Amino acid sequence: MEIDARGVYYKQLNEQIREAVGRGETRIVLRNVNGQRYIGGGLRGDDVTVEVNGVPGNDLAAFMDGPTVHVMNNAQDGCANTMNAGRLFVHGDAGDVVGYGMRGGSVHVKGHVGYRVGIHMKAYKTQSPVIVAGGTAGDFFGEYLAGGTLVLLGMERDGKPLVGDYCGTGIHGGQIYLRGAYDPYHVSTEHIAVAEADAGEMKAIEKDLEAFAEAFGFTLGEILSEPFTVLRPKSHRPFGDLYVNRP
Amino acid sequence: MRLATKSTVPGEFVQVVHHDRCIKCKRCVMGCGFNALEFTDRVMPGENPCVACHFCTDHCPQQCIQIHERPYAQAGHDVWSPAMQKRIVRQAESGGVLLSAMGNDRPWTVLWDNLLLDACQVTNPSIDPLREPMELRTYLGRKPERIEVETGPDGKPKLKTKIAPQLRISTPIIFAGMSLGSISLSAQKSLAMAAKKIGTLWNTGEGGLHEDLQDYADCAIVQCASGRFGVHEGYLRNSAAVEIKIGQGAKPGIGGHLPGRKVSSDIAGTRMIPIGSDALSPAPHHDIYSIEDLRQLIYALKEATEYEKPVGVKIAAVHNVGAIASGIVRAGADYVYLDGFRGGTGAAPTVIRDNVGIPVEIALAAVDERLRKDGIRHEASIICAGSIRSSADVAKAIALGADAVAIGTAALITLGCHVCQQCHTGNCSWGITSQRPELTRRLDPSVRAEMAANLLEGWTEELKEILGALGVNAVESLRGSRDRLRGVNLTKESLDVLGVKHAGE
């Protein structure tokens with residue numbers, strides 16, 4: 001079904017979406033979206049697909065639990081905030097704070113992502129979130145990472161560095177993949193173990209790369225034409241030695 | 001560089017055993033979570049220093065063990081006290097940040113103790129709560145500016161105004177947020193059971209809701225904090241209310257580091273992190289750098305819960321708390337939770353715990369006043385916390401403008417806590433702040449829930465007595481009634497901020 005979002009306030013738009021899902025609609029196409037926030041917020045339904053035409057507002061797919069969302073343009077800040085399950089595809093760039101505290105599911109962004117992406121993602125047993133970004137990222141990429149996988153491809157760099165300052169600061173779980181050359185200045189080796197990805201590690205993200213290639217018109221060969229570096233925490237307790245018991 | 005040798009700083013306490021009465025049952029040795037006692041041919045102080053948690057003394061069948069301050073006479077010096085010296089040595093040995101638990105233990109003035117309540121004499125009658133009903137039921141949440149009524153299809157009047165979701169509590173006292181991780185599952189369950197029994201609320205803290213406590217979700221405030229531990233759509237939807245935790249009175253501006261040694265399998269599963277890994281809550285929410293961003297998260301949570309749950313915001317009491325609270329209310333919060341600088345914690349850098357923030361009495365008065373001046377006091381409830389120790393503190397807080405209070409440390413004391421301030425070590429002998437199964441299984445939720453509920457019942461009865469003496473029959477009538485308070489031994493500035501007259505005025 002289609003919903004025309006032109007001139008509709010986010011509250012009413014999201015009500016319409018929830019209502020449609022409640023009725024059993026599984027494919028919802030939004031037209032003329034123009035900055036409405038929280039699209040897909042807390043939405044449930046593994047078989048639900050939402051296609052967003054136009055530019056959605058902040059906190060797209062926040063707390064989302066199952067559906068697949070395609071944004072055909074750019075997305076703004078806070079995509080997949082604390083998302084639990086489902087898939088988000090952004091066929092353009094995404095703003096700051098993508099996947100903050102994300103707990104599961106995947107986010108694929110064709111282009112660049114902003115600052116503070118993938119902060120404090122976490123994983124447990126079978127639930128492990130993934131973010132794949134095709135372009136570059138800003139500062140604090142994967143800060144406080146506690147679990148899950150971040151993949152930064154840098155297919156198009158537009159003259160920007162692959163990743164910004166403080167990449168992986170405070171990382172204590174999960175892994176960050178960087179494709180191609182990056183400036184070592186951006187990755188502190190104090191708490192991060194840096195190594196070229198081995199065959200097993202590449203195998204682990206193969207499906208996510210395939211999904212990226214398929215969604216955005218790349219070939220796997222193009223993506224794999226450059227070597228990948230994997231960043232992992234040196235310790236699960238990066239601040240374990242910081243404190244002493246007060247006498 | 002950290003010195004590898006064991007600290008030379010002597011312990012503060014020592015156990016004295018009266019061996020002539022001791023029956024060598026070893027209950028004290030086995031009971032001590034800190035390995036501070038050992039048995040050779042008799043009970044002796046052990047490898048580690050005693051922290052005065054009193055598990056041994058309270059469980060000795062012969063009452064033959066006592067805890068004393070360890071004598072350590074030094075040349076008297078008020079500035080370079082033994083405590084100050086010990087801290088410096090500890091840091092010289094380690095280069096680390098000193099860590100403490102519980103609330104600020106410095107002898108700051110407790111303003112509650114300088115405020116006195118009014119009572120009726122001659123000119124207006126007091127009320128006997130044993131004869132007449134007293135209304136303590138409280139509703140927390142956004143209240144409408146005015147009520148509109150229309151005629152319904154059946155010809156009867158019907159409320160036209162849509163009322164925002166409200167939290168109904170039977171007494172204006174709720175439990176403060178204490179996460180699974182900072183406290184044990186048995187401790188959390190005790191509070192959850194007590195809250196359900198009394199008809200009030202408990203608070204998950206920021207560690208998520210354990211599956212064993214799902215039955216208590218409907219009386220739980222669930223927190224969404226910077227680490228986003230355990231936050232998912234079902235957690236939000238099954239709660240009584242959602243609370244965005246910005247700050248905590250014991251550690252304003254500081255994140256939380258639950259040490260990996262306290263991350264057991266229960267906690268790992270609830271928080272979604274590996275067993276033994278540190279659970280790090282960043283200092284700020286990385287999606288909140290402004291009041292506008294806060295509004296964005298408040299409404300993200302309201303959207304995710306389809307506007308059925310109140311969304312509150314917890315902050316630490318800091319210097320410009322009035323303006324901050326005003327922004328929080330304008331951002332759409334249904335309640336503001338103020339945590340004063342004496343509030344408790346499972347772990348905080350000592351320097352922060354003891355020196356950052358302001359007293360909650362001052363903050364509460366400033367916030368209530370500011371919201372009134374801005375004409376938005378009705379838009380949010382105020383919850384006051386941070387060392388509420390008695391029903392007198394509750395009554396005074398309500399008179400200063402609180403809708404309800406939250407209790408953390410007082411609640412833990414009902415579970416057996418002796419305020420030894422070692423929560424962060426994970427060794428709590430009482431099984432309250434430990435995650436070691438051999439310690440936590442000794443805390444029986446069915447017994448401790450009764451004790452926690454008893455405290456709330458006792459305080460509730462006392463509140464009724466206070467209201468009766470004041471000549472009012474509802475807690476609503478005391479709320480924000482600062483004229484029923486008088487100050488003693490306070491400066492003019494304090495009285496001005498509190499909005500309270502001096503005794504005799």
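Two strands pair if DSSP finds at least two bridges between them. Strands (E, at least two residues) and helices (H or I, at least four) are DSSP runs numbered from the N terminus. This is a predicted model: local features need pLDDT of at least 70, side-chain atom pairs count only at pLDDT 80 or more, and totals for chains, interfaces and linings use all residues. Residues are numbered from 1 along each chain as its sequence is written, and chains are lettered from A, with ligands numbered from 1, in the order in which they are written.

**View 1. An open sheet in chain A has 11 strands.** The strand order is 1-2-3-4-5-6-7-8-9-11-10, with mixed pairing. Strand 1 (2-4) and strand 10 (192-196) are the edges, each pairing on one side only. From one strand to the next the twist averages 15 degrees. Helix 3 (residues 206-216) of chain A packs on the sheet, touching strand 5 (85-90), strand 6 (106-109), strand 7 and strand 8 of chain A. Its direction makes about 45 degrees with that of strand 6 of chain A. Axes are lines fitted to C-alpha atoms, for helices over the stretch in contact; angles run from 0 to 180 degrees between N-to-C directions.

**View 2. Strand 7 (residues 130-133) and strand 8 (residues 146-152) of chain A pair in the parallel sense.** The pairing runs over four bridges. A:Val130 stands opposite A:Thr149 in strand 8 of chain A.

**View 3. Chain B meets chain A.** The contact takes 39 residues from chain B and 43 residues from chain A. Two residues are in contact if their C-beta atoms, placed from the backbone, lie within 7 Å. Helix 7 of chain B supplies the largest share of the chain B side, five residues. By class, that side has 15 nonpolar, 15 polar and nine charged residues. Ala, Val, Leu, Ile, Met, Phe, Trp, Tyr, Cys and Pro count as nonpolar, Asp, Glu, Lys and Arg as charged, and the others, Gly among them, as polar.

View 4. A:Tyr243 stands opposite B:Val97 in strand 5 of chain B.

**View 5. Chain B is divided into domain 1 (11-71) and domain 2 (138-502).** The bounds come from an automatic or database domain assignment. The C-alpha centres of the two domains lie 37 Å apart. Their contact takes nine residues from domain 1 and nine residues from domain 2.
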